[in-house]
Amino acid sequence: MTQEKSLVEIRWHGRGGQGAVTTTEMLARAAIAEGKYAQAFPSFGPERRGAPVQAFNRVDSKKPVRIRADITEPDYVVVLDPSLLDKVNVTSGLKKGGYVIVNTRKSAGGIKSEFKIDYPVATVNASKIAREVLGVNIVNTTMLGAVIKITNVIDKKSINEPIELRFGKIADRNIKAMETGYEQVAV
Amino acid sequence: MATRIGVEVSIAVADAVKLCNPDVIAAYPITPQTHIVEHLAELVANGELDAEYIPVESEHSAMSACLGSAATGARTFTATASQGLALMNEVVYVASAMRLPVIMAVANRSLSAPLSIWCDHSDMMSVRDTGWIQIITENGQQAVDNTIISFRVGEDPQVLLPVMVHLDGFNLTHVVEPIMIPDQAEVDKYLPKNRFPLPLNPDKPVAMGGFAAPAIFMETKWAQEVNIQNSKKVILQAWDEFNKIFGRKYEPIEKYQSDGAKTLILTVGSSGETASVAVDELKKEGMDVGQVRIRLWRPFPFEELREAVKGADVLIVMDRAISFGGPGGPIASEVKAALYNQAKKPNVVNYVISLGGRDTTVSDFKNIIKQGVGIAEKGSKNEYEIYGVRG
């Protein structure tokens, strides 16, 4: 039991270059700007484009975050790239009742049965949204919207400023992608 | 007013350096320190920081440039890690012996071989005897605060010593977390101008770092030793004054739930707060356990350590480095030395953990504490224990 009550732990699975680390950083900045305590860090190491990577968020609405170790028992797992589902044990250590939030064109039920996931699954076709809104299949901001909706760790409005800070001229489109992900994620 | 922001710790440390208004930064990038000097280079290039940024060709040159800079009375900063610290080693000794207040952030990382970019404390321990003041931080806020504090301590006319601020590579440097960035006016109030007493100046020539025959060498070394020992009172004053202005308190040995506890875990660096969570959970389970942490590594806080652990029966000491073929971890061997002549002292059990970035979780710390108590009771044939190594 490493869980402190007000603490929410989110583990992101993606591939190098998909923006998992950037996204965790934006989420942490937004939570901190709300006055909460939060942490974002990557699975440290040399970044290799395309290789499976993890990134981590801890958000605590009440107390400073003290644990500095990888998240091995997350409350939520986020999968940016559906091709990871049969390669990485994404649900490893996921707490009972913990959600898996997946970028996929398939349904939650389909994902659960295909990959034998015994957890609630939330799905969003982030690749499609990203292609339509951003013109490229970079799903991190779209998935961020889905994650905000499912986890409720921050107010949706709080993410705009970190997105603006990170993306500058293309911030508007990323905010739109985030909002679309927020609206379309299905449980 | 200070501003609370979510920021990567490396960037915050660079911003803290900017608040101290350095004159010269000479540095060579090395993982996991790179973001600190990159951000400083950016601040200088953008005109946000009026300093000379010297992009040198190696760490040896970085420290050499820092010596020259500090000798002119310029406020001087650099940062490094691991192999970089090893490469600059011979010049590191010179900075302290010449009483040059260079401030250096060290993003702790293991030493090769095998090549590892991840954190342990072997680099920090490799410079233990170089005569620098060494402050070890545990989170981003401490790294920011102690960067500012270091300029005040090192440049104090009673001290005039270089200071290393240690922050664990990746475990601190690459984490985004909430940090209070102090206000410029507050830093200006806290940090006086650098008034180096005998600066290099062509109009008033001085000789520095001369040759010492046997008739004088020992006296210079003893003077250096007396000087660093005496720096402790200035460090304590600097921490005290910092607390008055900024409301955050630092001590050479910091205690957590330790008063009256029969078992204590001693931690160093960024895993300290993870260990605190383990202490809380074990206390809930009914165990009588507390924690002490080393904030000041050089000069070593003998009195404060003895005072902090005197009531304990078992002291479990964490080390993130090995003294090969030696007595165990460097921290534990020092702690044992500090306690050896005491009439009442705890049984010291030493664990080497987390080498080369190996993760140590809350449940690992709980295991270590429980196992450590068992070893203290039953004894062990080992000089020290190593945690989590596959046989």
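## Close-up views of a predicted two-chain model

**View 1. Where the two domains of chain B meet.** In this predicted model, 26 residues of domain 1 of chain B are in contact with 19 residues of domain 2 of chain B. On the domain 1 side, the elements giving two or more residues to this contact are helix H6 (122-126), strand S6 (133-136) and helix H9 (214-246) of chain B. H9(B) supplies the largest share of that side, with 5 residues. Sorted by class, the domain 1 side holds 11 nonpolar, 10 polar and 5 charged residues. For orientation, domain 1 of chain B covers 3-246 and domain 2 covers 253-386. The centres of these two domains, taken over C-alpha atoms, are separated by 28 Å.

**View 2. The open sheet of 7 strands in chain B.** Reading across this sheet, the strand order is S3-S2-S4-S5-S7-S6-S12 (chain B), and the pairing is mixed. Strand S3 (52-55) and strand S12 (296-298) of chain B are the edge strands, each pairing on one side only. From one strand to the next, the twist averages 20°. Zoom in on S6(B), and you will find that it pairs with strand S7 (residues 163-168) of chain B in the parallel sense, over 4 bridges. Within this pair, B:Ile135 stands opposite B:Val165 in S7(B).

View 3. Strand S14 (residues 347-352) of chain B runs parallel to S15(B), and 2 bridges join them. A handy residue pair to look for is B:Val352, which stands opposite B:Ile386 in S15(B).

**View 4. Two helices of chain A crossing.** Helix H3 (residues 126-133) and helix H6 (residues 171-184) of chain A have axes that come within 10 Å and cross at roughly 150°. H3(A) and H6(A) are therefore roughly antiparallel to each other. The crossing of H3(A) past H6(A) is right-handed. From H3(A), the contact is made by A:Ala126, A:Ile129, A:Ala130 and A:Val133. Facing them from H6(A) are A:Arg173, A:Lys176, A:Ala177, A:Thr180, A:Gly181 and A:Gln184. By class, this helix contact has 5 nonpolar, 3 polar and 2 charged residues.

**View 5. Chain B against chain A.** This contact draws 24 residues from chain B and 21 residues from chain A. On the chain B side, strand S1 (3-8), strand S8 (176-181), helix H10 (272-284) and helix H13 (362-378) are the elements that give two or more residues. H10(B) makes the largest contribution to the side of chain B that touches chain A, at 5 residues. That side of chain B has 9 nonpolar, 11 polar and 4 charged residues.

Definitions and conventions. Residues are numbered from 1 along each chain as its sequence is written. Chains are lettered from A and ligands numbered from 1 in the order in which they are written. This is a predicted model: local features need pLDDT of at least 70, side-chain atom pairs count only at pLDDT 80 or more; totals for chains, interfaces and linings use all residues. Two strands pair if DSSP finds at least two bridges between them. Axes are lines fitted to C-alpha atoms, for helices over the stretch in contact, and angles run from 0 to 180 degrees between N-to-C directions. Angles under 35 degrees count as roughly parallel, over 145 as roughly antiparallel, 65 to 115 as roughly perpendicular and the rest as oblique. A crossing is left-handed if the near helix is turned anticlockwise from the far one by less than a right angle, and right-handed if clockwise. Two residues are in contact if their C-beta atoms, placed from the backbone, lie within 7 Å. Ala, Val, Leu, Ile, Met, Phe, Trp, Tyr, Cys and Pro count as nonpolar, Asp, Glu, Lys and Arg as charged, and the others, Gly among them, as polar. Domain bounds come from an automatic or database domain assignment.
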